[in-house]
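Q: Could you take a close look at one part of this model with me? I'd like to follow a single residue and its surroundings, then move on to the neighbouring elements.

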Amino acid sequence: MAQDDTNHPTPKPIDLMAQLVRRFHKPGDVVFDPFSGSASTAFACRNLGVDFIAVEISPDWHADSVRRMAEYDKQPNLFAEAT
């Protein structure tokens, strides 16, 4: 998963962030992460199909998060139902 390919000093576990999103998110909500860092919350939201806004002040961490999200999006969904 995306967590392993970051050099961020304080990445949060994506599974933990997903638990928090599930617990506090209501249908139609948008999750706002003003300190996105390694984008753990963004990855959790993406995995759950939840809309999010991620903000990161560091250009380096922002670029790293965008790169990681683009790589993640290239992966096929192995659990999608056959059509």
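A: Leaving aside residues up to four places away in sequence, Ser 65 touches Gly 37, Ser 38 and Ala 39. Please keep in mind that this is a predicted model. Ser 65 itself sits in helix α3. Its relative accessible area is 10%, and because buried means under 20%, Ser 65 counts as buried.

Helix α3 spans residues 59-74, and the loop between β2 (52-54) and α3 holds Val 55. With a relative accessibility of 38%, Val 55 is classed as partly exposed.

Helix α1 covers residues 14-24, and its buried residues are Ile 14, Met 17, Ala 18 and Val 21. Around the axis they take up an arc of only 105°, so they lie on the same side of α1. What do these buried residues pack against? Their partners are β1 (31-33) and α2 (40-48). On the face of α1 turned away from the buried side, you will find the exposed residues Asp 15, Arg 23 and Phe 24.

To come back to where we began: Ser 65, a residue of helix α3, is buried and has Gly 37, Ser 38 and Ala 39 as contacts, not counting residues up to four places away in sequence.

Key: Residues are numbered from 1 along each chain as its sequence is written. This is a predicted model: local features need pLDDT of at least 70, side-chain atom pairs count only at pLDDT 80 or more; totals for chains, interfaces and linings use all residues. Side-chain values use heavy atoms; hydrogens and water are left out. Buried means under 20% relative accessible area, exposed over 50%, partly exposed in between (1.4 Å probe, protein chains only). Helices (H or I, at least four residues) and strands (E, at least two) are DSSP runs, numbered from the N terminus. The arc is that of the directions from the helix axis to the C-beta atoms. Contact means heavy atoms within 4.5 Å.
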